[in-house]
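Visitor: Hello! I am new here and would like to get to know this structure. Could you show it to me and let me ask about it?

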Amino acid sequence: MKKEKTVDFHIKWGWHAISRMYNAYASRFGITMAIGYVLLNIDLEEGTPATKIGPLLGMEPRSLVRMLKSLEERGLIRREVDGNDKRFVRIYLTEEGKAKREMAREGVIQFNNMIREKIPLDKLVVFFDVIKDINRIVEEENAKIKAAEPEELPLD
């Protein structure tokens, strides 16, 4: 099968094009697409528990730790121990983080408006239905693979 005929090629190809566009946009504001994505997923009022950010973004824990450290060093976020449960840390945006988040938000809105102006709604509805089905199938396959993995042997 030629790569151009595979579903994953087109999904990856499209995402890389979008990613390059978002990175070009974000670089004008001194951030990256990944930084913008993290900032967009932090609740403005309540903050977000650090443990919830990784799953929201599909990031591995090590990558998330590095990203949060970098964002803190850049003054875009601050960490606070949860008032109700001292075991948890909440991530809050600083004023600078809120400003960068707004820039990222504007970029996402501009892109989506451009797509909606150029692609008819009926085609977008079909696209959303298909991508939802693909994600469901992939999740089902991941669950099967995970269930088939041999259990780890305890070290004695």
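What follows is a conversation about this predicted model.

Visitor: Which pattern does the chain follow along the sequence?
Guide: Let's start with the parts list. The chain has six helices and three strands. Read along the sequence, these elements follow the pattern α-α-β-α-α-β-β-α-α.

Visitor: What radius of gyration does the chain have, beside that of a compact globule of 156 residues?
Guide: The C-alpha atoms fill a box of roughly 55 × 50 × 25 Å along the principal axes. A compact globule of 156 residues would have a radius of gyration near 15 Å. For the chain, the value is 19 Å.

Visitor: Which feature does UniProt place at residues 1-136?
Guide: That span is 66% helix and 9% strand, and its end C-alpha atoms lie 23 Å apart. The name comes from an unreviewed UniProt entry, which gives residues 1-136 as "domain: HTH marR-type".

Visitor: In which order do the three strands of the open sheet stand?
Guide: Let's work it out from the pairs. β1 and β3 run antiparallel and are joined by two bridges, while β2 and β3 pair in the antiparallel sense over five bridges. With β3 as a partner in both pairs, the order of the open sheet is β1-β3-β2.

Visitor: Why is one side of β1 and of β2 left without a neighbour in the sheet?
Guide: The sheet has the order β1-β3-β2. That puts β1 and β2 (77-81) at the edges, so one side of each has no neighbour in the sheet, because each has a single partner strand.

Visitor: Which residue in β3 is the bridge partner of Arg78?
Guide: Both pairings in this sheet involve β3. For Arg78, the bridge partner in β3 is Tyr92.

Visitor: What angle does the direction of α4 make with that of β2?
Guide: Helix α4 packs on the sheet, where it touches both β2 and β3. Its direction makes an angle with that of β2 of about 110°.

Visitor: Which element gives the most residues to the largest nonpolar core?
Guide: This core has 17 residues, and those touching the most other members include Ile35, Leu68 and Ile91. The elements giving two or more residues are α2 (33-40), α3 (50-57), α4 (61-73) and β3 (89-93). With four residues, the one that gives the most is α4.

Visitor: Which residues does Leu68 contact, leaving aside its neighbours within four places in sequence?
Guide: Leu68 is one of the core residues that touch the most other members. Leaving aside neighbours within four places in sequence, its contacts are Ala50, Ile53, Ile77, Arg79 and Ile91.

Visitor: Is Thr48 buried or exposed?
Guide: Thr48 lies in strand β1 (residues 48-49). Not counting residues up to four places away in sequence, Thr48 touches Asn41, Ile42, Asp43, Ile53, Leu56, Val89, Arg90 and Ile91. Its relative accessible area is 7%, which is under the 20% cut-off, so Thr48 is buried.

Visitor: How does Arg74 count, at 40% relative accessibility?
Guide: Arg74 is found in the loop between α4 and β2. Leaving aside neighbours within four places in sequence, Arg74 is in contact with Gly30, Ile31 and Ile35. Its 40% falls between the 20% and 50% cut-offs, so Arg74 counts as partly exposed.

Visitor: How far apart in space are Arg74 and Gly97, C-alpha to C-alpha?
Guide: In sequence, Arg74 and Gly97 are 23 residues apart. In space, their C-alpha atoms are separated by 9.0 Å.

Visitor: What is the relative accessible area of Asp122?
Guide: Asp122 lies in helix α6 (residues 121-148). Asp122 counts as exposed because its relative accessible area is over the 50% cut-off, at 54%.

Visitor: How does Glu60 count, at 57% relative accessibility?
Guide: Glu60 is found in the loop between α3 and α4. Its 57% is over the 50% cut-off, so Glu60 counts as exposed.

Definitions and conventions:
Residues numbered from 1 in each chain as written. Predicted model: local features only at pLDDT ≥ 70, side-chain atom pairs only at ≥ 80, totals over all residues. Heavy atoms only, no water. Core = buried A, V, L, I, M, F, W, Y, C linked by side-chain atoms within 4.5 Å. Buried < 20%, exposed > 50% of the residue type's maximum accessible area, 1.4 Å probe, protein only. Contact = heavy atoms within 4.5 Å. Pairing = 2+ DSSP bridges. Axes fitted to C-alpha atoms, helices over the stretch in contact; angles between N-to-C directions. UniProt positions renumbered as here; feature names shortened; annotations may be inferred. Rg over C-alpha atoms; globule rule 2.2 N^0.38 Å.
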